[in-house]
Amino acid sequence: MSFALTVIALVVGLALCWRFLGAYLVAVYEGRVRFLRFLERPIYRLLGTNPDAEQSWQRYALSAVMFSGVTVAVTYIFLVTQGHLPFNPQHLGNVTPALAFNTAVSFLTNTNWQNYGGETTMSYFSQMMGLEFHQFLSAAVGLGVAVAVIRGFANRGKPTIGNFWVDTVRGTIYVLLPLSFVLGIIFVAQGAVDTLGGPVTIHNSLTGVTQVIALGPVAFMEAIKQLGTNGGGFFNANSAHPFENPTGLTNFLSMLSLLSIPVALTYVFGRMVGKMREGVAVLLAMTILFGAWVGLASYAEHQTNPAVAHAGVTYAGVGNTEGKETRFGDTSSALFGVSSTMTSTGSADSAYDSYTPMGGFALISGMMLGEVSPGGVGSGMYTILLFAIIAVFIGGLMIGRTPEYLGKKIQAREVKLAGIGVLVMPLAVLILTGLAVSLHAGTVGPLNGGPHGFTEILYAFTSQANNNGSAFGGLTGNTPFYNVTGAIAMLIGRFGVLIPALALAGSLAAKPVVPAGLGTFRTDNTMFVGLLLGVIVIVGGLTFFPALALGPLVEQLSHGRFW
Amino acid sequence: MTTILETPHDETPQARAHGVAQKRSLFDREILRQAMIDAVRKLDPRVQVRNPVMFVVFVGTIVCLCYCWSQPSVFVISITVWLALTVLFANFAEAMAEGRGKAQADTLRRMRSDTSARRLNDDGSESAVSANELRKGDRVVCEAGDVIPSDGEIREGVASVDESAITGESAPVIRESGGDRSAVTGGTTVLSDRIVIEITAERGQTFLDRMIGLVEGANRQKTPNEIALTILLAVLTIVFLPVVVVLQPFGRFAGAPVSVVVIVALLVCLIPTTIGALLSAIGIAGMDRLVQRNVLAMSGRAVEAAGDVQTLLLDKTGTITLGNRMASRFVPVGDVTESEVADIAQLASLADETPEGRSIVVLAKERFNIREREIGHDFVFVPFTATTRMSGLDWGDRHIRKGAADSVRKWVESIGGVVPPDLAPAVDEIARQGSTPLVVADGARIVGVVELKDIVKHGIAERFAEMRAMGIRTIMITGDNPLTAAAIAQEAGVDDFLAEATPETKMQLIKKEQEGGKLVAMTGDGTNDAPALAQADVGVAMNSGTNAAKEAGNMVDLDSNPTKLIDVVEIGKQLLITRGALTTFSIANDVAKYFAIIPALFVATYRPLNALNIMHLHSSQSAVLSAVIFNALVIVALIPLALRGVKFRPSSAASLLRRNVWIYGVGGIVLPFLGIKIIDLILTATGAY
């Protein structure tokens with residue numbers, strides 16, 4: 001498919017997802033979808049929760065943290081003992097504790113940062129029970145939290161925001177499992193592998209070369225990898241591997257599915273707060289950012305790679321084809337790259353380390369904006385609402401009113417929580433990158449020196465603190481230093497935003513709704529969209545400009561001006 | 001209700017230039033001098049730590065000062081000096097705002113200079129005591145020429161009181177025991193008669209004391225919005241700290257170590273110093289602007305709430321209409337001519353000193369040139385009573401009456417007269433228009449009807465239209481019947497009205513509006529208004545009102561001009577807008593500062609970064625210093641704006657936002673590019689960099 005056709009198909013597909021998947025999500029979280037009641041009931045009984053009892057934000061957050069703590073411990077144990085566990089046809093040994101810690105946290109936090117090569121490190125059991133399990137549940141938790149935060153805006157003076165266990169279970173069994181099932185079938189039909197059988201050894205009698213072809217339960221993991229904006233692939237090559245992403249159709253469906261739920265959540269927002277225009281405004285802000293970054297990345301990747309040109313190598317055709325699958329091409333790879341980095345997915349069908357500096361800038365800065373356009377499943381929605389609170393506060397002051405968002409007064413507590421939620425990520429990225437470039441353990445990581453090496457480190461922490469998981473490459477990450485600091489970044493990036501967002505929801509839920517009038521600051525028009533975009537770009541720009549200047553910007557400028 | 005004598009209600013607030021709020025030029029020399037001294041005095045770390053943003057600058061200056069010691073250079077010293085100036089400018093802005101309040105407080109304090117009081121003992125004897133010794137419940141005597149020693153209620157007597165010390169209004173007001181005008185304020189002067197006052201306030205808590213505290217800003221508490229904004233600014237400051245601190249390891253990794261002085265300079269440029277420096281000045285100046293208009297807010301919270309008000313409850317009389325109804329038309333009935341009605345109506349009103357009565361005499365003279373006649377002394381004035389609901393005079397054997405339609409008709413029928421058939425339609429027609437019909441009878445003969453019209457204040461409809469544009473609903477409160485109320489409401493252009501209002505229905509209305517989440521503002525003066533004033537989010541009590549009303553409200557209007565509620569709302573909005581606009585401006589400024597400083601920092605190592613030096617600044621040092629100087633000067637440049645408030649035109653939220661985003665957002669991005677470039681050119685010209 002040509003680039004233009006892909007974009008058009010993506011827009012049409014997402015419009016349908018927005019409308020129909022959005023409506024379905026509303027029905028699921030309002031409890032109107034009940035065809036799996038027979039499954040739900042025993043689960044609630046097992047969890048010991050009363051599905052009709054709503055929780056305060058504190059209880060909701062506590063449940064989320066408790067659930068995360070238990071499941072991350074289980075995954076850790078699976079990984080460090082996988083040598084003794086079943087479904088290990090390659091007889092792979094136990095994962096080292098530091099790597100197991102980093103990986104368990106990575107999948108728990110919906111990051112899917114991988115300091116390992118999947119096919120040579122993880123047994124099938126670890127892949128399925130340790131990692132894929134989290135791919136479902138971390139997405140379900142994110143989705144549930146986003147809905148809980150939306151309830152905070154929609155509730156009128158009722159301080160509860162839903163039930164964590166019910167939200168998580170419903171999100172899993174009504175949304176993620178059925179969609180992954182359908183998507184997985186299509187992937188299998190297109191040629192993705194899915195087997196519990198071990199690797200195949202092929203001996204070429206003509207050349208005398210023996211090859212081991214890794215196989216495994218790939219296709220269905222692939223489905224939830226994209227749908228849940230996880231990004232952690234079965235194989236090291238991720239979506240560039242033909243068994244993970246066999247055809248142009250699966251490549252397109254990958255992009256569509258990783259964008260689908262984050263986009264549909266804006267519909268959920270509009271519906272649940274009772275004003276669709278509010279949801280559309282948020283969607284518009286997301287779309288403009290996304291569109292701009294796709295434009296930048298595709299344009300950059302469509303240029304000749306300056307480093308290659310500098311080396312005196314000429315090749316046929318245009319565009320930076322180094323590190324890209326010829327079946328996808330330069331611009332479409334850039335589209336995939338931006339889709340994946342701006343949804344906190346992190347799956348990749350090309351090598352980001354080989355992007356032009358400006359293409360790499362688009363990828364890293366897309367994450368630095370806080371993963372809000374449209375962001376990860378659930379996390380994108382609740383994070384952009386934090387930005388919206390700040391935009392509303394500043395905008396409200398400029399019109400002389402105590403600011404309100406959807407009729408809820410924005411006061412000191414809300415500003416504080418939104419401020420923490422928005423700024424914890426840049427803090428984690430900058431401080432950990434500063435630490436890495438100061439310590440020997442950190443500076444030995446990157447394969448390159450100078451600005452590119454700096455970008456490799458900066459990218460690693462940006463990706464992990466944003467729970468993205470995409471790798472720029474060129475960084476030796478499986479060291480105790482990067483395993484531990486990376487895990488810290490991921491935990492801060494997840495819970496440092498999730499908990500303030502829930503606290504905000506609780507505080508908003510308890511507030512009465514002020515009726516809108518002519519003097520009310522409107523949050524459903526282009527002016528607000530502009531203000532929201534301004535806040536997102538300025539916060540990202542002000543915090544990361546110096547770091548970007550020392551990384552991709554100076555690298556680009558040393559090849560001459562980009563513009 | 002209102003007891004102000006001869007106070008024209010439609011006088012513009014700007015026209016007043018006396019009282020507490022002596023108008024001072026923004027840069028009064030005396031205040032400037034004091035503010036400069038205070039700016040230095042505020043360098044005390046205990047004062048600085050209260051403002052997190054400026055405290056960072058303060059600490060940064062000290063750090064640079066240490067570098068001045070260990071490795072002095074022109075550059076380091078210049079940066080240090082300008083950082084110190086940044087702190088001083090911020091102190092100066094606050095001191096300026098406070099200075100204006102202090103000057104007013106001094107005027108008030110002079111009034112409080114110890115007066116002696118004549119305390120009335122239980123046995124009726126008097127003893128001279130100092131006003132300081134008066135306790136709540138004491139009774140004091142005041143006679144003509146005495147200064148009332150403290151706040152109190154008149155228990156005996158009536159007196160005219162000069163309240164100009166408080167209100168600036170030179171016309172004396174009447175205060176009398178009982179009713180709604182029994183309250184007197186300490187510091188005012190009795191002009192005539194003798195009154196006995198029961199003291200209602202302890203020393204130190206009188207109205208005057210509270211006023212002094214308020215204008216001085218001594219016990220100023222941060223308002224909710226100010227707290228929220230301070231948090232946002234603190235969060236931004238905390239974030240920029242690691243942003244600049246990590247530049248040191250980043251720079252080392254790149255092989256371009258960054259000096260601590262430059263890091264401090266960058267930090268100061270990035271943190272929102274502009275708004276941080278001006279924030280408290282804006283708050284103090286907002287209160288000051290209210291005082292300029294002779295309104296005292298008991299808390300900053302009330303001023304802020306005023307900006308949020310969505311419903312205004314306005315008393316019809318005195319706010320929407322001129323105080324009194326005026327005769328506007330004579331309507332004859334039967335075969336009587338209009339001038340005959342005028343003639344008899346004038347006779348009926350000759351001895352009637354009420355404003356309505358006077359207006360009939362005036363109208364008769366205007367329309368038919370009927371002069372006031374000398375009717376000698378052989379007449380008996382029949383005053384209006386609640387039972388007869390008529391007034392008039394008996395002159396010889398003529399019994400002339402005017403009054404409510406029903407009463408006059410009954411009276412005429414009782415003495416054998418006949419009611420003309422066209423009376424009822426005439427009366428109805430006048431009532432429908434919102435006017436009051438006054439039927440005139442000469443003995444048993446009904447001659448006609450006088451239309452008493454409520455005169456809607458000039459320009460009030462336009463103000464309500466402005467309110468509507470801002471999204472504020474206006475509700476007229478009146479004791480009139482619904483028919484009359486509807487007609488006046490229509491003429492004045494209010495959104496709604498409450499007719500036949502009682503204190504209870506008023507209270508209900510406020511609660512109903514508040515249940516819907518709206519903030520309600522109202523004015524009131526009587527004791528029976530007190531509960532409603534307390535219930536309303538913004539309650540403006542008239543100074544002429546009772547102490548109960550003043551206690552219940554959260555603002556007091558010294559001019560007792562209820563229309564001023566609208567001004568209060570505008571000042572509240574202006575206060576918030578000023579804060580929001582300068583916050584946006586402050587953050588937007590950072591863009592240009594980055595483009596000045598970041599290339600300067602690393603250009604030695606990475607030549608290509610000079611492409612980001614889009615201002616083409618002369619050198620690294622001049623770039624950093626220019627940014628710091630701009631950052632300091634912009635504070636000074638914005639002090640007048642902070643004190644005066646940004647320009648505010650009542651308009652819808654959307655157009656206000658558009659305007660302010662353009663001026664302070666986009667302008668805030670563009671302006672520093674120009675400013676920094678100009679400063680760089682000047683620095684280059686000095687040759688030192």
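Modeller: Helix axes are lines fitted to C-alpha atoms over the stretch in contact, and angles run from 0 to 180 degrees between N-to-C directions. The model discussed here is predicted.

Biologist: At what angle do helix α2 and helix α7 of chain A pack?

Modeller: Helix α2(A) covers residues 37–47 and helix α7(A) covers residues 164–190. Their axes lie 11 Å apart, and the crossing is right-handed. The packing angle is about 145 degrees.

Biologist: Which residues of α7(A) make the contact with α2(A)?

Modeller: From α2(A), the contributors are R37(A), E40(A), I43(A), Y44(A) and L47(A). The residues of this contact comprise 8 nonpolar, no polar and 3 charged. On the side of α7(A), they are W165(A), V166(A), V169(A), R170(A), I173(A) and Y174(A).

Biologist: Are α9(B) and α22(B) roughly parallel or roughly antiparallel to each other?

Modeller: In chain B, helix α9 spans residues 260–270 and helix α22 spans residues 564–602, with axes 10 Å apart. The angle between them is about 165 degrees. Angles over 145 degrees count as roughly antiparallel, so α9(B) and α22(B) are roughly antiparallel.

Biologist: What is the handedness of the crossing of α9(B) and α22(B), left-handed or right-handed?

Modeller: The residues that meet are V262(B), L266(B), C269(B) and L270(B) of α9(B) with D590(B), K593(B), Y594(B), I597(B), I598(B) and L601(B) of α22(B). By class, the contact holds 8 nonpolar, no polar and 2 charged residues. The crossing of α9(B) and α22(B) is left-handed.

Biologist: Is G395(A) buried or exposed?

Modeller: G395(A) belongs to helix α14 of chain A, residues 379–398. A residue counts as buried under 20% relative accessibility. The value for G395(A) is 0%, so G395(A) is buried.

Biologist: Leaving aside neighbours within four places in sequence, with which residues is G395(A) in contact?

Modeller: L531(A) is 136 residues from G395(A) in sequence, yet their C-alpha atoms are 7.5 Å apart. L531(A) is one of the contact partners, and the list also includes a residue of chain B. The partners of G395(A) are F521(A), L531(A) and L657(B).

Biologist: Does F243(A) count as buried, partly exposed or exposed, and what is its relative accessibility?

Modeller: F243(A) sits in the loop between α8 (219–227) and α9 (248–272) of chain A. Its residue contacts beyond four places in sequence are A192(A), V193(A), I213(A), A214(A), L215(A), V218(A) and F235(A). The C-alpha atom of F243(A) is also 6.9 Å from that of G191(A), 52 residues away along the chain. Buried requires under 20% and exposed over 50%, so F243(A) is partly exposed, at 24%.

Biologist: Which residues does T484(B) contact, leaving aside neighbours within four places in sequence?

Modeller: T484(B) is part of helix α18 of chain B, residues 482–492. With 6% relative accessibility, T484(B) counts as buried. The contacts of T484(B) are A431(B), G434(B) and S435(B).

Biologist: Which residue in β9(B) stands opposite E153(B)?

Modeller: Strand β4(B), residues 152–156, pairs in the antiparallel sense with β7(B), residues 183–184, over 2 bridges. There, E153(B) has A183(B) as its bridge partner. Strand β4(B) also pairs in the antiparallel sense with β9(B), residues 194–199, over 4 bridges. In β9(B), the residue opposite E153(B) is E198(B).

Biologist: Which residue in β6(B) is the bridge partner of A159(B)?

Modeller: An open sheet of 3 strands in chain B has the order β6-β5-β8, with antiparallel pairing. Strand β5(B), residues 158–162, joins β6(B) over 4 bridges. The bridge partner of A159(B) in β6(B) is R175(B).

Notes
Residues are numbered from 1 along each chain as its sequence is written. Chains are lettered from A and ligands numbered from 1 in the order in which they are written. This is a predicted model: local features need pLDDT of at least 70, side-chain atom pairs count only at pLDDT 80 or more; totals for chains, interfaces and linings use all residues. Side-chain values use heavy atoms; hydrogens and water are left out. Buried means under 20% relative accessible area, exposed over 50%, partly exposed in between (1.4 Å probe, protein chains only). Contact means heavy atoms within 4.5 Å. Two strands pair if DSSP finds at least two bridges between them. Angles under 35 degrees count as roughly parallel, over 145 as roughly antiparallel, 65 to 115 as roughly perpendicular and the rest as oblique. A crossing is left-handed if the near helix is turned anticlockwise from the far one by less than a right angle, and right-handed if clockwise. Ala, Val, Leu, Ile, Met, Phe, Trp, Tyr, Cys and Pro count as nonpolar, Asp, Glu, Lys and Arg as charged, and the others, Gly among them, as polar.
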